[in-house]
Structure formats: C-alpha cells, structure tokens
Amino acid sequence: MDTRQKSQPGPPRRLGRAARRAVLVVHVTASACWLGLTLGLLALGTTAATTGSDVTVAASVRAMQLFADWLLLPVALLTLLSGLVLSLGTVWGLARYRWVYTKFWLTLATTTATVFALRPAVHAAVASVAAGGPLPDAGDVLFGPVVSLSAYVFMTAISVLKPWGRTRRGKQAQRFA
C-alpha cells in the first residue's frame with residue numbers, strides 16, 4: 001500500500017523571477033507596439049479623411065489594411081496572452097485587483113473590436129477606394145483608432161497607478177491567507 005499522501009492543493013504556482021521578468025518585457029513591448037500601431041492607424045485615417053487627393057486616400061487606406069491584416073491581431077493576441085500569464089503567474093492575480101480585471105476585459109474587448117469592427121471597416125474603405133469611389137465614411141477609418149487609442153492610454157495609466165484596490169474575491173482571498 002502506498003503510504004505517500006496525495007499532494008494537497010496549495011497556492012497557485014507563481015512565475016519565477018526570471019520568467020516573470022521575461023513575460024513582463026514581452027507584455028510591455030507588445031502593448032507599446034499595439035499603442036504605436038494604433039497611432040499609425042490614426043495618422044493614416046486622419047490623412048485619408050482630410051486629404052483632397054485620391055492617390056493619398058488610396059495609399060492611406062491600403063497602409064491601414066496592411067497594419068490591420070498583418071500586425072494588429074498578432075500584437076493584440078500577444079498582449080492578451082502575456083497579460084494573462086502575468087496575472088495568473090504573479091501575486092496580482094486575474095480577479096484580485098480591479099485594475100487587473102479591468103485591463104483584462106478591456107484588452108479582450110479591444111481585441112474583439114479589432115477583428116469585428118476595425119478590420120471590416122478598413123476593408124470596406126479599401127474596396128470602395130479601389131473601385132474608384134470616395135472614402136465611404138471618414139468615421140469608419142477614424143472611430144476604431146480613436147476608441148482603441150483611448151482604451152490603451154487608459155490601460156497604461158491604470159497599470160502605472162494601480163487604482164481601486166481589491167475586488168470582492170481579492171478581499172476574500174486576503175482574509176483566508
């Protein structure tokens with residue numbers, strides 16, 4: 001008969017110092033890339049919406065399509081994944097602090113909006129301009145980057161300031177610790 005005891009569930013495993021630092025560097029870099037890509041999209045969208053040149057409009061929306069199709073989604077997913085690893089592998093937890101919880105849901109929402117709103121809007125603008133028509137609606141190429149940029153700046157601020165304290169779950173975990 002085996003006399004060894006089954007291992008009791010203990011506290012969740014935490015990332016070691018080197019792993020935590022590596023994931024943190026990946027997360028900050030991916031987040032900065034996402035912010036930079038969004039600034040680029042905003043500049044291109046503003047150019048497309050305000051220029052009188054059909055050639056400039058076409059070049060701007062095509063460049064936006066390159067950003068949206070090849071760069072935004074991988075960077076968004078890397079930001080989401082690295083943030084999830086950091087939250088689950090550190091003392092911050094995913095649902096212990098309101099700022100972490102807020103960042104997670106905003107990242108998930110902006111990633112989803114990239115797939116279902118921003119990319120289709122850019123594709124529609126490219127299709128319209130490629131067919132010789134005007135930019136369908138300036139809002140289509142400006143709204144997404146403006147909303148995204150606002151969300152990313154907000155998430156950066158709460159990452160630095162860490163406001164609002166613990167969630168209800170975080171308070172319960174603290175009492176039982």
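## A walk through the helices

Let's start with H1 and H3, which pack at an angle of about 40° with their axes 14 Å apart. The axes here are lines fitted to C-alpha atoms, for helices over the stretch in contact, and the angles run from 0 to 180 degrees between N-to-C directions. That angle makes H1 and H3 oblique to each other; the scheme takes under 35 degrees as roughly parallel, over 145 as roughly antiparallel, 65 to 115 as roughly perpendicular, and the rest as oblique. Their crossing is left-handed, meaning that the near helix is turned anticlockwise from the far one by less than a right angle (clockwise would be right-handed). As for the labels, helices (H or I, at least four residues) are DSSP runs numbered from the N terminus.

Before going on, a word on what you're looking at. This is a predicted model, in which local features need pLDDT of at least 70 and side-chain atom pairs count only at pLDDT 80 or more, while totals for chains, interfaces and linings use all residues. Residues are numbered from 1 along each chain as its sequence is written, and side-chain values use heavy atoms, with hydrogens and water left out.

Now turn to H1 (residues 17-50) and H2 (residues 54-89), which pack at an angle of about 160° with axes 8 Å apart. H1 and H2 are therefore roughly antiparallel to each other, and their crossing is left-handed. The residues of this contact divide into 22 nonpolar, 10 polar and one charged. In that count, Ala, Val, Leu, Ile, Met, Phe, Trp, Tyr, Cys and Pro are nonpolar, Asp, Glu, Lys and Arg are charged, and the others, Gly among them, are polar.

Leu-44 counts as buried at 19% relative accessibility, where buried means under 20% relative accessible area, exposed over 50%, and partly exposed in between (1.4 Å probe, protein chains only).

Next comes the nonpolar core, a set of buried Ala, Val, Leu, Ile, Met, Phe, Trp, Tyr and Cys residues joined through side-chain atoms within 4.5 Å. The largest one has 23 residues, and Trp-34, Val-61, Met-64, Leu-72, Val-129, Leu-135 and Val-141 touch the most other members. H1, H2, H3 and helix H4 (138-161) each supply at least two residues of this core, with the largest share, eight residues, coming from H2.

Over in H4 you'll find Met-155, which is buried with a relative accessible area of 6%. Met-155 and Leu-84 are 71 residues apart in sequence and 14 Å apart in space, C-alpha to C-alpha.

For charge pairing, the structure holds one salt bridge, that is, a side-chain nitrogen of Lys or Arg within 4 Å of a carboxyl oxygen of Asp or Glu. Asp-69 forms it with Arg-119, the closest N and O atoms being 3.3 Å apart. The pair links distant parts of the chain, with Asp-69 in H2 and Arg-119 in H3 (residues 98-130), 50 residues apart. Asp-69 counts as partly exposed, at 24% relative accessibility.

Last stop: backbone angles. Most residues other than glycine have a negative phi. Lys-162, however, has a positive phi near 50°, and Trp-164 has a positive one near 80°. Lys-162 lies in the loop between H4 and helix H5 (168-176), and Trp-164 is found in the loop between H4 and H5 too. Lys-162 is partly exposed at 35% relative accessibility, and Trp-164 is partly exposed with a relative accessible area of 43%.
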